[in-house]
Each structure stands twice: as C-alpha cells, then as structure tokens.
Amino acid sequence: MSEQKLPTRSEDYSEWYNQVVLRAELADYAPVRGCMIVRPYGWALWENITAALDRRFKATGHVNAAFPLLIPRSFIEKEKSHVAGFSPELAVVTHGGGEELEEPLVVRPTSETIIGYAYSKWIQSYRDLPVLINQWNSVVRWELRTKLFLRTLEFYWQEGHTAHATLEEAEAETSQMLAIYADFAVREAAIPVIPGRKSISERFAGADQTYSIEAMMGDGKALQSGTSHNLGQNFAKAFEIRYLDRNGVLQHCWTTSWGLSTRFVGAIIMVHGDDQGLILPPRLAPFQLVIVPIFKNDEEKAAVLANAQKVRAELVDAGIRVKMDEREGMSPGFKFNDWEMRGVPLRLELGPKDVAKGSVVLARRDRPGREGKSFVPQAGIAGAVAGKLEEIQKSLFDRALEFRKANTAEPDDYEEFKQAVEKGFALSWWCGSGACEEKIKEETKATMRCIPLDQPGGSGQCVYCGQPAKEKGIFARAY
RNA sequence: CGGGGCGUAGCGUAGCCUGGUAGCGCGCUUGGUUCGGGACCAAGAGGUCGGAGGUUCAAAUCCUCUCGCCCCGACCA
C-alpha cells in the first residue's frame, strides 16, 4: 500500500515485477537470500492454482501422498545424470542432534529418488501398476540467482510420480499431464502456452524425454511454466523398481514425473499485469470482486452498508469470491487504486445514488478508466457479475495471445532470427543438433525453448547451419 | 564468481564531493473536517546513518577492511 507510482512495465520490467509482487502483498523477501515469505494474498492465489490442478489430477485417477524432506545423499547419486544435474544446487545437512551425521542428507531438490525407493518396495506385480501419485510440497535448489516466485531457493510445487508397465503407457501419461497443464494454463490462468518437447540439452536430469509448456511474458521472454518427463527405465533401474509381468518375467517399470510450481504465479503477474499493477484472471483470483461502499455521513453509511451487505450475500450465494472493503478513514479513490494494484478483476462501487436507483457500478480491472465502467441494476446482479467475470477471463486470454502472436516471428534467415529473439519468439527450422543450439545461445542469448507438438508440417533448412530440418523449434530468451 | 548500482525511521529518499545540532515525503498515533478516482489541517511517536577498525577536538560525511541487498552474465522450474 503505497502512493508511489509503479515503475512502468515497458521501461523497467524487472523493477516493475518486483514492485508488483511487493506492493500487491503477494510476498516479501525472507532473511535468507533467495527465499521468500509468501503472504496470505499470494498464498490464496497459489491455493486456487493448486485446487484447479488437483481437480484435474483426481479426475485422471491420481492420488496424493507425502514423502520425506530429507534424502540420503547416496540416493541422489544412484542415477548418474540426475546427480550430475543436481549436485551443484544441493543443500546438504551434515549435522543432526548435535553430531556429525555418518551419511549427509540432502534437502530434496525433487523427489524422484526417495519415491523410487518407495516404489521399489510397493511394486511387485503388473497388478500393482500403474502407480499414480502426486505430492504437494516444497523443494530446495541452491540457485545462484533468484527472483521472487520465478526462481526462489525454496519453492512450492506439486510433483507427480508414476510407474507403468510399458513405455507406451508412460509416454501416454507424460502426454496426458502435459495436456492437463496446458488446459489449466489456458482455461484457469488465461495464459496461452505452447506445449512442446525439450531439446536434449534442456532435458530434466535423468529423463529420456522432457516436455514443457512455454509462455511469453510481457517483455517477450519465455517462461517454462510446467514440465512433464518420461523417465524411461532410468530410475527404475537405479532403484530396482521391478514387477513380474503376466508371463512371470521380471521387468523394470517405466516411470514419469511432472511438476508445476509457484513460478506459475510469476507467469500470471508477467503475462497479465500492467502499469497499475497486478491483473488476476477471475478463475484464480482470491477475490473476484471487491465491493467499495461510498458514503459521506452516518446516515448514508447505514443505508449503503445495509444495501451492500444484501448485494454481497447474493453474490456469495452465487459462489463468487467477494471482498467487502469496509476499511475506515480511506477515501474510495484510495481503495480503487489499492485493489487495482492487487489485481482484483472486478470492482463494485455502491454509494447513495446507487441505493436510490437500485443499481451498482461495475468497473473492470482489465479496462482502465471510464471504458471499463458500467451501471448495472441490482436485480439479477449475480448473473451480471458472473457474465463480466467470464468476459474478463476471455479478454485476458485474447489479449495475451494477441501479444504473443505480435511478438512471434517465423524467420528462415539467421539475421531475421537474431532480430526476432531480441523482442520475442522465433519459430524456426532447426536441424536438431546441439551444436547449432549452443552457437545460437552464444550469439543471441536465445535458447531452444521447445519443439512445439503442433508442427507446421513439411521440412526446411536449419536457421543456423542450413542443413535439412524436419521440425521447427521455438527460440527465445528465457527466465 | 565476473561487471554495475546501493545500504540513513516501517517504506522511499536528501545530506557525503568541501567533517561541526540527521532532514524531507509516505505510512503510523491522536483530534477535527472530508469521502463517486490515490483528501486536508493541527499536534505527536519513531534513528546503533549495514558492521568493525582507523584519521580527527569532532565522522552519515575522509581512509581501510568486512557484511548484506538489487540489477546484468554464468546455473536453473
């Protein structure tokens, strides 16, 4: 709650982002470098994200469980590319109960290993498969450089871990979860995402195949917003996750893992936010509508509040998340700005004139000023509000998609490619070689974000080396 | 770890070059007037000037060291 103007999104994106997070009261910096304190408002947003995802997980037969925070160091070392990928960023516990531990424990950076250990005990027969488990938890990765929500030392997420009898089933699971993430992003968060496959260099440490959903932020950079991995038999072999098949033959399982983290909150901020602050998609907003009562004296106050309570009750009954702002000693104008900064999608103003007319003023967060205001009769208010919320949800998505299209180019020529990744995405033919990928990164700072599942068809020449290429990749600078 | 910037009240900052009573805005407290787009007046409370050492009669200010934060790279969800 500050009267100072936010830095503008176009001029100082990083500063703008930090200020939005801080002033909207989503989170604070913690005393430990790289950690954040998630405030109630930020957590409420995350809870709505978790609820929307959890519904989808349950609907596809997944269940939740919990696994330990501390993992024996030797577990991490069992899968060779896994240890190579995670070693540099492990937090290690060396002492416990006042004594040095015989074997150090690592604070989980992800739980493939400890869950692999559990699965090896649980799974004996093909009848035990598939195992479809998810865990809501936090993990720790000692990142060199951090940013609120986007890359914190400790972050909250869900990690799904499944075991299957065949590669095909595991691959189907991997695709299904990627599709669920994409559906969630589009329908709940109003964020257009590109589902695709990662290059070898961008793969999860220990995976045979990594898929992700990629979104474009307000500055044209890419953000990996959710991932789904086909782990093949790598962890099954490292942890002896085996089953007897129908023919009595001992087989290794095929496993998957998939996750979406509090980073997604960062995506929502950067995709939808504007110079007034946060704009939350109605489906996920902690408060979908804020009521600001307006009055001059006690007489008006009594009438307005009574009327506002009635309106509020009707909206709550209709299942709308409503906040009544009854704070004393603040002008309506202050409250308007305050809630705009916090991203509440719809504001309902109710003053003496409205009481007299039996109407209210609705103001859309995504349309600043007069344009977004409308006078609405109190009769049937719930329907009108629900309709507006739908409109806002849709228009946020349309706007974000529009922005992505406007900043996505399909260059065949490397010079054009270099310009394209300066401001957004480049969708270009790529021969698939890590060498080209590496060179492009060195020369332009852009990385191969994903090979979209949805390919244009045909073939062309690699934008870097000119060799024949069968697929197009999304190249962009990334968070 | 390299390059840049910064640590002064809860937040944002001036003062530092040229040493001498620590200032301003917001927020907070109390009272009053306000209230349909960030209200106003009055009276208050709030400070180890990031830390340590040094120079000096005297250090926020000068010197040395140190700690921390932010931004840009390397690492990464």
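In the hairpin formed by S10 and S11, five residues lie between the strands, and Gly220 has a positive phi near 85°. Helices (H or I, at least four residues) and strands (E, at least two) are DSSP runs numbered from the N terminus. The model is predicted: local features need pLDDT of at least 70, side-chain atom pairs count only at pLDDT 80 or more, and totals for chains, interfaces and linings use all residues. Residues are numbered from 1 along each chain as its sequence is written, while chains are lettered from A and ligands numbered from 1 in the order in which they are written.

Two strands pair if DSSP finds at least two bridges between them. Strand S10 (residues 209-216) pairs with S11 in the antiparallel sense over eight bridges. Within this pairing, Glu214 stands opposite Gln224 of S11, and Thr210 has His229 of S11 as its bridge partner. S11 also pairs with S14, again in the antiparallel sense, over four bridges; here Ser228 has Trp258 of S14 as its bridge partner. A residue is buried if 20 or more other C-beta atoms lie within 10 Å of its own, exposed if 12 or fewer, and partly exposed in between, with C-beta atoms placed from the backbone. Eight of the nine residues of S11 are buried, so this strand is largely enclosed by the rest of the structure.

These strands belong to an open sheet of 11 strands with mixed pairing, in the order S3-S7-S8-S14-S11-S10-S9-S22-S25-S21-S20. At its edges stand strand S3 (63-64) and strand S20 (408-409); each has a single partner strand, so one side of each is left without a neighbour in the sheet. Strand S25 (residues 471-476) has five of its six residues buried and is therefore largely enclosed by the rest of the structure. Five bridges join S25 to strand S21 (residues 425-430) in an antiparallel arrangement, where Trp430 stands opposite Glu471. S25 also pairs antiparallel with strand S22 (residues 447-452) over three bridges, and Met448 stands opposite Phe475 there.

After H10 comes Gly343, with a positive phi near 85°. H10 gives the largest share of the surface near RNA strand B, eight residues. Of the 41 residues around RNA strand B, those that come nearest are Arg33, Gln224, Gly333, Asn337 and Gly351. By class, this surface has 13 nonpolar, 12 polar and 16 charged residues. Ala, Val, Leu, Ile, Met, Phe, Trp, Tyr, Cys and Pro count as nonpolar, Asp, Glu, Lys and Arg as charged, and the others, Gly among them, as polar.

The whole chain may now be considered. Chain A contains 14 helices and 25 strands, and buried residues make up 44% of its 479 residues. The C-alpha atoms of chain A fill a box of roughly 80 × 60 × 45 Å, taken along the principal axes.

Note on methods:
A residue is near a molecule or strand if its C-beta atom, placed from the backbone, lies within 6 Å of it.
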